[in-house]
Amino acid sequence: MRFICDHDLHIHSYVSPCSGDPEQNPDNILKYAVENGFKTVCLTDHYWDDSVPSPYGTGAGQTTKAIRSVLPLPQAEGVKFLFGAETDMDRDFAIGVGPEMMRRLDFIVVPLNHLHMGGFSCRGDEDASERAELIVRRFDALLESDLPFHKVGLAHFTDGLIYTDGKNTDVLNLIPDPEYRRLFGKAAELGIGVELNMNALNMDREKDRDELRIYEIAREEGCKFYYGSDAHTGKTLSRSKRNAEKIVDLLDLKEEDKFII
């Protein structure tokens, strides 16, 4: 059975500084879920827990008080509106969620490729080869972390901000397939969800082979997938369902490939 696009587990509200759109509020996000027939949506504003000190600051993260300012979330019949967060990993591989909030949050998405934050997530002057090595080290650090992996997602692995001097795939192609198989194999064992998040509407199965093959490897190693729009504005939400359907078609995903919190 074909993968059913019935969820969006990575959505930002106006609380995230990189949104700032007052229309990107919980009521409109719930409306988006209802209009698209989604069973589950999750709010994941940027977050760095007050209880996790870092010598490098908090990246783009916000306090617990800030992300909780939108609670309680509105609800509608047939839709689960979950409260989650997008945290980060600093240069020492610390992850910005403490034990108490790990219990409280419904879902935690962790990007390994926020390497545009020089000084926080990396030095900032690494070349493509160094960044490829850093992605592998950060992936290993995530897998070795003390996290509730049944409610953790690997955010936008190929659609992040890895390398401002070139394409993300310039870096990702430097990681050999056996390394991907090792990493995604361990991720599958731990039960981490892998996010489907790319601008797919203009993608082609052959032209974009390099990016798609990474997800194919993850699937072959037993990983499960969820869709995350990473929407910061209503404009992104408006095309999100079509984008999700296109990703499913490109990867020929089945319902048994779905990650469920």
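User: What makes the crossing of H4 and H6 left-handed or right-handed?

Analyst: H4 passes H6 in a left-handed crossing. A crossing is left-handed if the near helix is turned anticlockwise from the far one by less than a right angle, and right-handed if clockwise. This is a predicted model, in which local features need pLDDT of at least 70 and side-chain atom pairs count only at pLDDT 80 or more, while totals for chains, interfaces and linings use all residues. Residues are numbered from 1 along each chain as its sequence is written, and side-chain values use heavy atoms, with hydrogens and water left out. Helices (H or I, at least four residues) and strands (E, at least two) are DSSP runs, numbered from the N terminus.

User: Why are H4 and H6 called roughly parallel?

Analyst: Helix H4 (residues 128-143) and helix H6 (residues 177-190) pack at an angle of about 20 degrees, with axes 10 Å apart. Axes are lines fitted to C-alpha atoms, for helices over the stretch in contact, and angles run from 0 to 180 degrees between N-to-C directions. Angles under 35 degrees count as roughly parallel, over 145 as roughly antiparallel, 65 to 115 as roughly perpendicular and the rest as oblique. H4 and H6 are therefore roughly parallel to each other.

User: Which residues make the contact of H4 with H6?

Analyst: From H4 come Val136, Phe139, Asp140 and Leu143; they meet Glu179, Arg182, Leu183, Phe184, Lys186, Ala187 and Leu190 in H6. Contact means heavy atoms within 4.5 Å. The residues of this contact divide into seven nonpolar, no polar and four charged. Here Ala, Val, Leu, Ile, Met, Phe, Trp, Tyr, Cys and Pro count as nonpolar, Asp, Glu, Lys and Arg as charged, and the others, Gly among them, as polar.

User: What makes H6 oblique to H7?

Analyst: The axes of H6 and helix H7 (residues 209-220) come within 9 Å and cross at roughly 50 degrees. That angle makes H6 oblique to H7. The crossing of H6 with H7 is right-handed. In H6, Asp177, Tyr180, Arg181 and Phe184 meet Arg213, Ile214, Ile217, Ala218 and Glu220 in H7. The contact of H6 with H7 has five nonpolar, no polar and four charged residues.

User: How do you know that E3 and E4 pair?

Analyst: Two strands pair if DSSP finds at least two bridges between them. Three bridges join strand E3 (residues 80-86) to strand E4 (residues 107-111), and the two run parallel. Gly84 stands opposite Phe107 in E4.

User: Why are Phe157 and Tyr180 called edge-to-face?

Analyst: Rings of Phe, Tyr and Trp (its six-membered ring) pair if their centres lie within 6.5 Å; planes under 30 degrees apart count as stacked, over 60 as edge-to-face and the rest as tilted. By this rule the count comes to ten aromatic pairs. For Phe157 and Tyr180 the values are 6.2 Å centre to centre and 80 degrees between the planes, hence an edge-to-face pair. Phe157 lies in the loop between strand E5 (152-155) and helix H5 (168-172), and Tyr180 in helix H6, 23 residues apart.
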